[in-house]
Amino acid sequence: MKARRRKEQAFFFQGGRAILTYGLTLNHKDADVLIIGAGGAGARAAIEAARTGCRVTLVCRSPIGKGGLTPTANGGYHAAVVPGDSPASHAEDLVAMGCRLNDRPLVELLTREALPQARLLEEFGATVNWKTPLRPHEPQMRFPRQLFVPGKEVMTALRKQLRALSNVTLLEDHLALELLTREGEVTGALIFDIRQGALLVCTSKATILASGSLGEIYSLTAQEPMGITTGSTGSGYVLAGWAGAELVDMEMVQFAVVPIRPALIREMRCLPWAPLLDAEGRDILPPGMGEYSHEAAQTIARALRQGTVSMDLRDRVFPSHARHPLAAQRNKHLQDCEVTPYQRPVAIGMGALYMMGGIHINTRCQTSVPGLYAAGEVSGGVHGARRVAGNAFPEMIVFGAQAGSCAAAEAAKKDALPEPPRSQVQAGLDYVAGLVQRGKGDIDPREMRRKTREIMGQHAHLLRSGAGLRTALEELRKLEKDLGFIKVSAGQGLAYNFKLLEAFESRWLLPAARIVCQAALLREESRGFHFREDFPLEDEAWQKHTVVRYRQEAWIGDVKPVAL
Amino acid sequence: MKGEKDCVRLKVLRCNQQADKPAHQETYTVPFREEKMSLLQALEEIYREQDETLAFRRYSCGVQYCNSCLMLINGKPAHACLTILKPGDEFEVAPLRGKEVLKDLIVREDD
């Protein structure tokens, strides 16, 4: 479907002339189902929705398969496959390891559909390694469950399917700026076309957010291979919040061991557990602690306060056996760099790895806002207080498919497309024009990003306290005042203007950081990956979700029950 | 300012039709902040610290999977993510040949 250029913008947008003289173009398009984010969840949703025959628009901020976190994900995919195991056992383990904060119906859907969806992936053309390891990875898992299909493999297979579907419009290099709402219902999105440097209004009958994570609110994160952004800046959480959706458990950030230096090997997060040594060369982890467990993470975080912690794998052989040719290739490249822990000790830190919290969904992937669905890492309620490694993949595929199916069903019930809300679109245009035309103000968005990350690293990292979180919120509040003074000189034009993109991202990164701090302040206990020094024990009374909502231009905290 | 021995010099072929800038070469000197650095990291450093207008696909899978960082490096197509730089190196960097250049090092993707 070709985008219609609206030349008659004068009567569409009052007061839009200033923008037009600047040369900002506004296009319009519509879809039955609009999907924001084309990683595993978004791409899977698009396939499922398109199969019902409806018109799907899939928006991706980069070329598909060349952005976000799916392409570089290791590939563990958990499902109950060995004799004696069952989806019910799998579900029980996930809830136990999630510290009972998971919504049970979501976990049951995940574990029930994990295997059928893996088979479908294989039918789509992905090479799945079905041979599970001999033993489970984690002490609390009762059976081994790890199938293996690298992220790149998933994306290649999904792309192949998408190409064959003529009713899917793929908009690459497009960044969603805001969800459009009318009378409390989501009716589409305002999108920035990075390639043209233009704006696009896309109206839709149903919208799915599959926009990934927010790891970049921290300076050290496994979500930035080589220290380069993947766009994991929290846009989906904030967009949903602005549209009125409930965000749950936003304090639940999973951290993992990540090499600090050199940044070249920063994506080497999926290392076998190895001796972690303090500055005196002593082992800091007691044996038997699970990989990626919150107990291990907290122990390491405490040791980091005392000094450098190094990972030393020199007495291990670099893994020659890999579960997939791509994994073998990756191992070889890393080894050639000669700076891995197999070759010499590497200083490590705790880096943000995954976001358990997110946009609250039900088993139909519906959020609390009509017309809005969510799937994948951006959603919340599936993993509770601790994601078990290997379950993000089934999450993205199972819920991606479910969101696509349910959003398409909703779209099918609607005859007419919604009208774009004029005042909201105008406000969006004003915002973008303001960034490039601003007379006063000279705040550099790259600085905003740096400062946000510094605040989070200092006051709102793994080990938290009420005082620290309040300091973080205060400093973020001060920084927020600068948002209105960001200026992007547009001498280079608006297309592929990365400073402009960073300005857009500041508008999310900062609120995403504040939401994490607010939720962390709200939960007065320690559970899973949320640790409060002033409330170091788990409190049964806190077996509930924290909630953050956006009301009257402020983020408000609340609680709600866990679905049992 | 670090001495030449601690830096790498990149000569980048740039162009920006939007801003009426035809193809021209610009030279950047990038200091080594860590022991090893990839060409992609050097480009990122230029964007972050020196020249906010430099455009390249700011994505890295880090291990040659995604081909986002394919560009001409000293005249040959190579992955910027795994071109490891040493202090004192000089490299010529240009967008891939035979593809439409959208801006600087960003080219139109083939499907």
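Predicted model: local features only at pLDDT ≥ 70, side-chain atom pairs only at ≥ 80, totals over all residues.
1. Domain arrangement. The domain assignment of chain A gives two segments, domain 1 (260-352) and domain 2 (422-538). Their C-alpha centres are 30 Å apart. The contact between them draws on 6 residues from domain 1 of chain A and 5 residues from domain 2 of chain A.

2. The domain 1 side of that contact. Helix 8 (residues 294-306) of chain A gives the most to the side of domain 1 of chain A that touches domain 2 of chain A, namely 5 residues. By class, this side of domain 1 of chain A comprises 3 nonpolar, 2 polar and 1 charged residues.

3. The sheet. In chain A, 4 strands make up an open sheet with the order 11-14-13-12, and the pairing is antiparallel. Strand 11 (253-259) and strand 12 (276-277) of chain A each have a single partner strand, so they stand at the edges and one side of each has no neighbour in the sheet.

4. Strand 12 and its partner. Strand 12 of chain A runs antiparallel to strand 13 (residues 309-311) of chain A, and 2 bridges join them. Within this pairing, A:L276 is placed opposite A:M311 of strand 13 of chain A. Helix 8 of chain A packs on the sheet, where it touches strand 11, strand 12, strand 13 and strand 14 (346-355) of chain A. The direction of helix 8 makes about 135° with that of strand 14 of chain A.

5. A helix pair. Helix 3 (residues 40-50) and helix 6 (residues 151-163) of chain A pack with their axes 10 Å apart, at an angle of about 25°. Because angles under 35 degrees count as roughly parallel, helix 3 of chain A is described as roughly parallel to helix 6 of chain A. The crossing of the two helices is left-handed. Helix 3 of chain A contributes A:G40, A:A43, A:R44, A:A46 and A:I47 to the contact, and helix 6 of chain A contributes A:V154, A:M155, A:L158, A:Q161 and A:L162. These residues divide into 7 nonpolar, 2 polar and 1 charged.

6. The chain interface. The contact between the chains takes 35 residues from chain A and 33 residues from chain B. On the side of chain A that touches chain B, helix 9 (325-337) and helix 14 (498-522) of chain A each supply at least two residues. Helix 9 of chain A provides the largest share of this side, 5 residues. By class, the side of chain A that touches chain B has 14 nonpolar, 13 polar and 8 charged residues.

Conventions
Residues numbered from 1 in each chain as written. Chains lettered and ligands numbered in written order. Domains from an automatic or database assignment. Contact = placed C-beta atoms within 7 Å. Nonpolar A, V, L, I, M, F, W, Y, C, P; charged D, E, K, R; others polar. Pairing = 2+ DSSP bridges. Axes fitted to C-alpha atoms, helices over the stretch in contact; angles between N-to-C directions. Parallel < 35°, antiparallel > 145°, perpendicular 65-115°, else oblique. Left-handed = near helix turned anticlockwise from the far one by under 90°.
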